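Subject: Structure handover

Hi,

Have a look at it first, then read on whenever you have a moment.

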Amino acid sequence: MRAVAMMSFLALTATFTAIPSPHNAVAMAAAPAGLSVAFDPSLSRPDSPIGQPEMAEITQRIRETVSRRLEREQVAFTALNIWVVNLKPNRPTMTQIRLNPSLSYSSHGLGGAHFQAQMTLSNGRVVRVESQHFGHDIIQAQTFTTWTDADKAIDWLADDLVKASKSSV
């Protein structure tokens with residue numbers, strides 16, 4: 001598994017089936033045709049704040065946001081593989097609270113996400129994007145929900161995919 005984690009993004013297979021993780025089945029099962037989401041194995045460590053429920057939630061948010069943006073911008077693709085490299089919540093996740101009952105949901109911190117994506121456009125061109133956003137203002141984080149910064153990162157990913165697809169035409 002460590003060998004797979006060390007592979008470069010470019011060496012990953014188109015469907016990320018080489019990543020041995022039970023979360024990939026959940027992430028890929030309901031994905032729209034041609035769109036897959038996979039998580040870096042380091043995110044499924046026992047001490048990770050990201051459990052299967054959080055992975056399913058983030059996968060859904062990625063699919064909805066990216067699909068909607070690409071459809072609105074009329075970006076036609078045959079395959080889109082998104083790799084969640086890093087993911088940090090702004091507030092404790094339910095998995096964290098379950099593992100450490102002394103945590104409080106009123107706690108807050110800087111969150112965000114880092115993604116890599118490879119999109120094959122309908123014309124056959126392959127576009128690679130790396131996108132990330134992590135919060136920088138702890139004062140604002142007080143009013144954030146669990147995934148506010150990660151949601152911003154997902155929006156940025158969708159924007160970057162659109163820009164990359166337009167510049168490759």
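A salt bridge here means a side-chain nitrogen of Lys or Arg within 4 Å of a carboxyl oxygen of Asp or Glu. Please keep in mind that this is a predicted model.

With that cut-off in hand, let me start with Asp149. This residue sits in helix H6, which covers residues 148–167. Asp149 is buried but forms no salt bridge; Lys152 is the nearest side chain of opposite charge, at 4.0 Å. So what does the side chain of Asp149 reach? It reaches the backbone nitrogen of Gly111, at 3.2 Å. Setting aside neighbours within four places in sequence, the contacts of Asp149 are Asn90, Leu110, Gly111, Gly112, His133, Gly135 and Phe144.

Now to the other end of that pair. Gly111 is found in the loop between helix H4 (94–99) and strand E3 (112–121). Gly111 counts as buried because its relative accessibility is 0%. Beyond residues up to four places away in sequence, Gly111 touches Lys88, Pro89, Asn90, His133, Phe134, Gly135 and Asp149. Between Gly111 and Arg91 there are 8.0 Å from C-alpha to C-alpha, with the two 20 residues apart in sequence.

Trp147 is also worth a look. Its place is the loop between helix H5 (138–141) and H6, and Trp147 is buried, with a relative accessible area of 2%. Its contacts, leaving out neighbours within four places in sequence, include Ile50, Glu54, Glu57, Ile58, Arg61, Leu87 and Thr93. The C-alpha atoms of Trp147 and Thr93 are 9.2 Å apart, although 54 residues separate the two along the chain.

Next, the packing of H6. How do helix H3 (residues 52–72) and H6 pack? Their angle is about 35°, and their axes are 9 Å apart. The crossing of H3 past H6 is right-handed. On the H3 side, the residues that meet H6 include Ile58, Arg61, Ile62 and Thr65; on the H6 side, Ala150, Ile154, Leu157 and Leu161 are among those taking part.

Finally, the whole chain. The protein chain has six helices and four strands, in the order α-α-β-α-β-α-β-β-α-α along the sequence. Of its 169 residues, 45% are buried. Taking contacts between residues at least 6 apart in sequence, 69% join residues at least 24 apart.

Best wishes

How values were computed:
Residues numbered from 1 in each chain as written. Predicted model: local features only at pLDDT ≥ 70, side-chain atom pairs only at ≥ 80, totals over all residues. Heavy atoms only, no water. Helix = DSSP H or I, 4+ residues; strand = E, 2+ residues; numbered from the N terminus. Buried < 20%, exposed > 50% of the residue type's maximum accessible area, 1.4 Å probe, protein only. Lys, Arg positive; Asp, Glu negative; His and termini not counted. Polar contact = N/O pair within 3.5 Å; in protein donor to acceptor, adjacent residues only side chain to side chain. Contact = heavy atoms within 4.5 Å. Axes fitted to C-alpha atoms, helices over the stretch in contact; angles between N-to-C directions. Left-handed = near helix turned anticlockwise from the far one by under 90°.
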